[in-house]
Amino acid sequence: MTRQHGEAFLGKVEEIRLLAKANRQSAEDDGEAGDHDRLQEVLRTLDDENLIAIARAFNQFLNLTNIAEQTESTEQYAGSQLEELFARLSERGISDDTIVDTVSKMHCDLVLTAHPTEITRRTLIQKYNRIADALEDVVEDHGMSAEARTELERLIAEVWFTDEIRTERPTPQDEAKWGYAVIEHSLWTAIPQVHMRLEKLVKQATGQTLPLEVSPIRISSWMGGDRDGNPNVTADVTLEVLRLARWMAADLYLRDVEELLSQLSMSECDDHLVFLCNGKVEEPYRHVLRGLRERLTVTRAWAETKETPWENIIRSDEDLIEPLKACYDSLVTCGMEIIADGLLKETLIRAYTFGTTLVELDIRQSSDKHIELLDAITEYLELGSYREWSEQARMDFLLQELESRRPLIPESWNPEGEAGEILKTFRLIAENNGQGIASYIISMAKRPSDVLGVVLMLRKCGINRVLPVVPLFETLDDLENAAWTLERLLRTNWYTRYIEGSQQIMIGYSDSAKDAGQMAAAWAQYRAQEDLVTVAEKYEIDLTLFHGRGGAPGRGGAPARQAILSQPPGSVKKSMRVTEQGEMIRFKYGSPPLALINLDLVLSSAIEASLLPPPKPRENWRLLMQRLADVACESYRATVQQDPDFVEYFVEGTPERELALLALGSRPARRNGCDTDRSISELRAIPWVFAWTQKRLMLPAWLGTDAAFRADLTDKEWHVLREMIEEWPFFQTQINMLEMVLSKADAEISERYDETLVSPELKKLGDGFRKRLEDLIDSVNQIKQQETLLQHNPEIKQTLGLRHPYTDPLHLLQIELIKRCRESNDYLPEANKALLVTIAGIAASMRNTG
């Protein structure tokens with residue numbers, strides 16, 4: 001930095017940092033807002049070139065702080081939640097057979113999604129990972145040598161001289177490659193480690209051996225499969241992404257097999273391996289592995305083409321697992337278990353977990369698009385308009401066609417437009433009978449026909465296995481009707497036979513919170529899960545709930561353990577799916593040590609929720625929670641949906657417009673793809689949360705909740721609230737996450753945005769929000785019986801405090817830059833670039849975007 005810009009620049013950076021630090025210190029000492037005027041004046045005098053450099057400096061300070069904290073937290077993490085859980089299971093008298101049965105059937109599916117929340121370039125992510133690795137080496141060596149210091153300086157220099165802002169939006173293929181890189185560099189190592197840790201604990205606790213084929217953790221993906229509102233994801237793109245996954249899987253297995261070929265030089269083997277070697281017993285393990293290497297090599301070459309499968313490729317998981325398992329069993333039989341339990345066992349665990357496809361892809365599309373396709377079919381066949389039919393008429397038609405063996409769709413029929421693209425996707429899925437596809441997600445699902453319509457299209461296009469078709473309930477009304485929809489489906493004999501005793505339902509956190517506010521949405525999600533569990537038990541089906549959580553609390557984000565253990569009792573019965581979104585993938589799984597910690601957390605929490613479920617809420621808790629949710633929803637909607645000034649205030653007072661300049665992800669920010677549409681309903685939940693986070697008002701996470709806690713609560717009700725936070729994990733998690741959000745909110749910073757950017761007649765709206773924010777902080781402190789936020793979490797409070805001197809200048813810079821860009825009739829390239837850097841820096845400070 002000094003070599004590029006000189007000592008004067010470094011002095012300016014330090015002047016700004018010290019001014020920001022002094023402002024914060026003054027505010028803490030006097031209890032008054034800091035004086036940002038002098039700091040703002042210093043920033044205002046910067047020319048365009050220095051604006052970018054200053055913004056970049058503070059952005060990188062924050063990114064490097066995150067890396068250092070991440071390394072420290074990894075080092076300080078002692079033991080494992082799995083170990084602690086197994087000790088408690090023994091104390092609680094859970095039988096050995098119950099433990100083994102639960103663990104053997106456990107299915108935790110982490111679904112990697114490419115929602116546009118990862119603001120950091122992949123190039124920089126790789127450099128940050130190398131810095132983290134270097135820091136971990138320093139920690140392990142208990143000190144920093146001269147060589148280590150030089151290496152860290154070199155890596156930081158690489159970061160400084162690399163442009164942090166993408167110039168082009170990533171394609172869905174780019175997003176998929178990024179997801180596969182996380183598997184390659186992190187999960188590929190961590191998953192065998194957590195599996196063997198679990199296996200050891202089961203053996204110690206029960207004396208029983210966990211079968212190798214048990215895969216309690218699976219990895220799926222939406223990258224290249226999620227076409228809801230994203231016209232860039234086509235059938236051709238999905239095919240390419242599926243082939244990319246096959247290529248990466250073959251390549252990763254080839255690396256393991258090459259190493260195994262150097263290790264397994266022994267000659268003694270069992271009869272089955274002799275058979276596989278056609279009677280040749282000289283280095284039989286190498287003989288078998290060479291055959292596997294040849295097939296993997298052919299598979300990798302085929303995956304680079306668009307051709308139909310070649311003759312000698314790995315076609316199924318069995319093709320991959322059988323030779324590896326044969327080698328493993330032979331080594332064990334011949335007394336060489338210590339060798340079998342090395343890399344060969346790790347490779348087998350990977351094969352059982354990742355299979356030949358590396359990840360399985362979810363296909364997601366909106367329910368209205370399926371209606372459009374079915375309407376095109378019925379119109380083409382001169383049956384009328386499917387779109388105009390009643391729900392009963394649709395159900396009658398769908399069941400009639402499902403029970404019929406005759407074709408529905410003429411092979412030569414290829415409709416134009418979106419209907420044609422959706423049909424092409426169904427045909428692609430059917431090509432290999434759904435290989436590589438985990439499930440089909442129906443977003444904005446509302447009624448039973450939404451599910452049966454997709455099942456019909458899959459079957460009529462040629463798929464003959466039961467591919468899970470998953471309704472995603474997203475709005476408040478849809479969540480409240482979710483159990484009714486499921487029961488209507490399960491009353492249908494054809495459908496009950498078809499699902500073979502298993503059903504998956506997805507709960508939408510983001511859009512329901514944007515529709516009704518965080519408190520009302522969270523309670524609706526909880527009640528929907530309770531009702532769905534009741535219906536599933538009534539019809540004796542295994543229910544898997546799929547949680548579509550985001551990173552931010554306003555989109556259902558919460559620490560993994562709290563999130564899982566705060567679900568209703570019975571909602572995690574040996575299976576669960578959860579999305580891992582955007583930048584949270586990097587924060588939780590960006591390195592093998594981080595991944596091991598978080599996989600341990602997820603797995604232990606899922607096992608605990610299955611064997612030691614949380615208590616059911618008492619009736620007085622439920623009644624008070626319903627009252628709070630009703631008040632919160634009414635207040636939230638009165639502001640967001642009914643206040644005529646709200647949208648204009650949002651557009652003027654946040655960088656929502658400027659976020660469109662960021663090449664964040666492949667999906668448009670609005671469902672209809674129209675950037676000029678200002679309606680909140682069409683805005684994606686991610687930029688909605690992102691914009692308020694940049695302003696530090698954090699509105700989506702608390703608006704409405706403030707009204708609930710002001711709703712003339714009696715002394716008795718305040719007592720009940722304290723009881724709820726002490727004894728009810730759901731309410732405890734909601735309040736803890738609310739407290740975390742409120743601690744990141746900053747009324748003074750948000751007021752600065754309003755002073756500079758908002759029209760005079762709209763400023764009263766911001767003043768009102770800040771007053772409501774202040775009142776809510778008082779309410780939370782009252783519920784938690786504390787004087788200040790995070791009073792019982794000094795470490796987190798200190799972490800947030802450390803960031804202020806680096807974040808405050810970025811906010812003030814951002815305000816100045818937004819003002820310049822909006823007032824200019826011309827495009828200001830330097831100012832726009834600096835603005836985008838401030839957005840990236842504030843996102844790094846908050847540790848989430850949307």
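Predicted model: local features only at pLDDT ≥ 70, side-chain atom pairs only at ≥ 80, totals over all residues.
Trainee: What radius of gyration does the chain have, and what would a compact globule have?
Mentor: Good place to start. The C-alpha trace spans about 85 × 75 × 60 Å along its principal axes. With 850 residues, a compact globule would have a radius of gyration near 29 Å, and the chain agrees with that, at 28 Å.

Trainee: How many helices and strands are there, and what percentage of the residues is buried?
Mentor: The secondary structure comes to 39 helices and 8 strands. Buried here means under 20% relative accessible area. Of the 850 residues in the chain, the buried share is 59%.

Trainee: How many salt bridges does the chain have?
Mentor: The general idea is that side chains of opposite charge can pair when their charged atoms come close. The cut-off is a side-chain nitrogen of Lys or Arg within 4 Å of a carboxyl oxygen of Asp or Glu. By this rule the count is 61.

Trainee: How far apart in sequence are the parts that Arg24 and Asp746 tie together?
Mentor: Arg24 and Asp746 form a salt bridge whose closest N and O atoms are 2.5 Å apart. Arg24 sits in helix α2 (residues 7-30) and Asp746 in the loop between α35 (729-744) and α36 (747-757), so the pair joins parts of the chain whose separation in sequence is 722 residues.

Trainee: Are Arg24 and Asp746 buried or exposed?
Mentor: The cut-off for buried is under 20% relative accessible area. Arg24 has 18%, and Asp746 has 10%. Therefore Arg24 counts as buried, and Asp746 likewise counts as buried.

Trainee: Which residue meets Lys574 in a salt bridge, and where does that residue lie?
Mentor: The side chain of Lys574 meets that of Asp101, at 2.8 Å from N to O. Lys574 is in the loop between α25 (560-565) and β8 (575-581), so the pair ties together parts 473 residues apart in sequence. Lys574 is partly exposed at 24% relative accessibility, and Asp101 is partly exposed at 28%. The partner is Asp101, and its place is helix α6 (residues 96-105).

Trainee: Where is Arg364, which forms a salt bridge with Asp226?
Mentor: The side chains of Arg364 and Asp226 meet at 2.9 Å, N to O. Arg364 is buried, with a relative accessible area of 4%, and Asp226 is buried at 9%. The two are 138 residues apart, with Asp226 in the loop between β2 (217-221) and α10, and Arg364 in strand β3 (residues 360-366).

Trainee: Which helix gives the largest share of the negative patch?
Mentor: That surface patch is formed by Asp317, Glu318, Glu322 and Glu360. Glu318 counts as exposed, at 54% relative accessibility, and its place is in helix α13. The largest share of the patch, 3 residues, comes from α13 (residues 317-333).

Trainee: What accessible area do the residues of the nonpolar patch have together?
Mentor: The patch on the surface is made of Tyr380, Leu381 and Leu383. Leu383 lies in the loop between α16 (367-380) and α17 (391-403), and is partly exposed at 44% relative accessible area. Together, Tyr380, Leu381 and Leu383 have about 270 Å².

Key
Residues numbered from 1 in each chain as written. Heavy atoms only, no water. Patch = residues over 30% accessible without salt bridge, like charges linked within 9 Å, V, L, I, M, F, W, Y side chains within 5 Å. Areas by Shrake-Rupley, 256 points an atom, 1.4 Å probe, with all protein chains shown as cover. Lys, Arg positive; Asp, Glu negative; His and termini not counted. Charge placed at Lys NZ, Arg CZ, Asp CG, Glu CD. Helix = DSSP H or I, 4+ residues; strand = E, 2+ residues; numbered from the N terminus. Buried < 20%, exposed > 50% of the residue type's maximum accessible area, 1.4 Å probe, protein only. Rg over C-alpha atoms; globule rule 2.2 N^0.38 Å.
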